[in-house]
Amino acid sequence: MTLLISPPPALARDIDGKAISARVLDEVREEVLALAEEQIYPALAVLLVGEDPASEVYVRNKLLRAKEVGIRSLEHRLAENASQNEVLELIAQLNADASVNGILVQLPLPAHIDEQAVIHAIHPIKDVDGFHRENVGGLVQGIEVLTPCTPSGCMRLLRETCGDLSGLHAVVIGRSNIVGKPMATLLLQADCSVSVVHSRSVDAPTLCRMADIVVAAVGRPHLIDASWLKPGAVVIDVGINRIAGESGPRLVGDVDYASARTVASAITPVPGGVGPMTIAYLLKNTLIASQLQRAVQLGGPQVVSVPVSG
Ligand code: GUN
């Protein structure tokens, strides 16, 4: 007698953000060494206002990784009740300081400070987050500018997983300025057909099931499970959500990993997927910013664009 037992579903392979980010960091380290031969020492200033515990962790990791690749980092801290003027004055000093190549203001800022005013006070050529309107505009027009770090990191993961993305249908879940919008723009530049799904979308799971590539960036733990996915989809999970686990708090993504990997062909774990890529691309941007500033000092064109590889 033959028993009809269906085989367990093949599980998606993990997209290893730790390994891929290590390669990006190696590339940055090599270029930093080459610049040192010319007495150029890229430097990143990180500004933290207040004592948000998650921001403290992110900033500490950024500073650690900078050190590892030989990028000088300068940590500036202001108290929770610092005024907007104090923040703007510090940014003006950093803009004027030729030894500082990149400026990052850790978000979120305390509620009394206007985030947009702060972002736009940073000189676009030092805006290693790629959030300044000048860089956002350049990105949309296809000019190669300083580009937001998380979407750049996600693109690298996708290229290393899928190769050519041309013609694929990508669904981006979430429309933030930091991830969703620039991600959609980069996917469009890579010749994908792009849909952006958000809180007002009608029947998000059905839209998502049409995707070859799903990028989840909504900040809602485990929102997306297998029922949202087309078989074989590639899933990039940008979410980092802290939830209560049986043995204390734990980090989970926007995607229910255990469920999604029964349908997807490849998926980023949380942690160890997108997170390390964001920092690697921040350091890559710092390097690009220093090269850009060097080009301007040498009398190059007064534009904020720069050839970007990877
Ligand atoms: N807070 C969360 N993500 C980011 C980021 O990419 N850049 C900055 N500056 N703050 C953040």
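**Entry 1: domains**

I looked up the spacing of the two domains first: the centres of domain 1 and domain 2, taken over C-alpha atoms, are 26 Å apart. The model is a predicted one, where local features need pLDDT of at least 70 and side-chain atom pairs count only at pLDDT 80 or more, while totals for chains, interfaces and linings use all residues. Residue numbers start from 1 along each chain as its sequence is written.

I noted the division of the protein chain into domain 1 (33-147 + 276-294) and domain 2 (149-274); such bounds come from an automatic or database domain assignment.

Next I checked where they touch. On the domain 1 side I found 12 residues in contact with 13 residues of domain 2 (contact: C-beta atoms, placed from the backbone, within 7 Å). Helix H5 (133-140) and H10 are the elements that give two or more residues to that side of domain 1, with H10 supplying the largest share, six residues. Helices (H or I, at least four residues) and strands (E, at least two) are DSSP runs numbered from the N terminus. By class, I read this side as seven nonpolar, four polar and one charged residues. Here Ala, Val, Leu, Ile, Met, Phe, Trp, Tyr, Cys and Pro count as nonpolar, Asp, Glu, Lys and Arg as charged, and the others, Gly among them, as polar.

**Entry 2: the ligand**

Which residues surround the ligand? I found Leu104, Val105, Gln106, Leu107, Asp129, Cys149, Thr150 and Ile178 (near means a C-beta atom, placed from the backbone, within 6 Å). Strand E4 (102-105) and helix H6 (149-162) each supply at least two residues of this shell. I sorted the shell into five nonpolar, two polar and one charged residues. Both domain 1 and domain 2 give residues to the shell, so the ligand lies between them.

**Entry 3: the core**

I then turned to the largest nonpolar core, which has 87 residues. It is a set of buried Ala, Val, Leu, Ile, Met, Phe, Trp, Tyr and Cys residues joined through C-beta atoms within 7 Å, buried meaning 20 or more other C-beta atoms within 10 Å of a residue's own. Helix H10 (residues 274-297) brings the largest share, 11 residues.

Val215 is among the residues with the most contacts inside the core. Leaving aside neighbours within four places in sequence, I listed its contacts as Cys154, Ala170, Val172, Ile173, Met183, Ile236 and Val238.

**Entry 4: confidence**

The protein chain averages a pLDDT (the predictor's confidence in each residue, from 0 to 100) of 94, and 95% of the residues score at least 70. I flagged residues 305-310, where the pLDDT is below 50.

Key. A residue is buried if 20 or more other C-beta atoms lie within 10 Å of its own, exposed if 12 or fewer, and partly exposed in between; C-beta atoms are placed from the backbone. Two residues are in contact if their C-beta atoms, placed from the backbone, lie within 7 Å.
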